[in-house]
Amino acid sequence: IGNWSEKTIAKYREDPNIHFAGYVEDLVGYCKRSAMLVPVRIGSGIRAKILVAMAQGLPLISTTLGCEGIKVKDNESIMIADTAAAFGKAYKTLLEDSNFSFSLVQSAQSVANKYYSQRAAAELRMKYFEEILRR
């Protein structure tokens, strides 16, 4: 999804497992019945996308670095995998164990709602404002 260079598209054109969708009008609808893989080894910037996926009810597999700073727990609200083999094993688990996947999604949505929703952000903001006003 998104704007990819012709060089990148050409590199993977023959791979039947990779599809470049380009711009997608309804991202939520497009992502239904999918999982989010976050193989981040360096850098950042993906965390907001992880939070959106959690709220949307997508099961997630991420590296430790990819989900750093988000209040998730391995095998409870996210699956953490730091090697290619661990990613493969985690993805296989998601495909084969629908009860586990459902539990993972429910827990992730609960975490997203409790700590990262607009309501949670507003409550935190009000707490800081009240603290400032008391000074």
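1. E131 counts as partly exposed, at 32% relative accessibility; the class covers values between buried, under 20% relative accessible area, and exposed, over 50%, with a 1.4 Å probe and protein chains only. The residue E131 is found in helix α6, residues 118-134.

2. Residues are numbered from 1 along each chain as its sequence is written, and side-chain values use heavy atoms, with hydrogens and water left out.

3. Confidence is expressed as pLDDT, the predictor's confidence in each residue, from 0 to 100. The protein chain has an average pLDDT of 89, and 96% of the residues score at least 70. Strand β1 (residues 36-38) has the lowest confidence, with a mean of 77, while strand β3 (residues 79-80) has the highest, at 96. Where pLDDT is low, the predicted coordinates should not be read in detail.

4. Six helices and three strands make up the secondary structure of the protein chain. These elements are DSSP runs numbered from the N terminus: helices are H or I with at least four residues, and strands are E with at least two. Their order from the N terminus is α-α-β-α-β-β-α-α-α.

5. As to overall dimensions, the C-alpha trace spans about 65 × 35 × 30 Å along its principal axes. Of the 135 residues in the protein chain, 29% are buried. Contacts are heavy atoms within 4.5 Å; among those between residues at least 6 apart in sequence, 47% join residues at least 24 apart.

6. The structure holds two aromatic pairs. One of them joins W4 and F20 in an edge-to-face arrangement, with 5.6 Å centre to centre and 70° between the planes. Rings of Phe, Tyr and Trp (its six-membered ring) pair if their centres lie within 6.5 Å; planes under 30 degrees apart count as stacked, over 60 as edge-to-face and the rest as tilted. W4 lies in the segment before α1 (6-12) and F20 in the loop between α1 and α2 (27-31), so the pair ties together parts that are 16 residues apart in sequence.

Conventions. Predicted model: local features only at pLDDT ≥ 70, side-chain atom pairs only at ≥ 80, totals over all residues.
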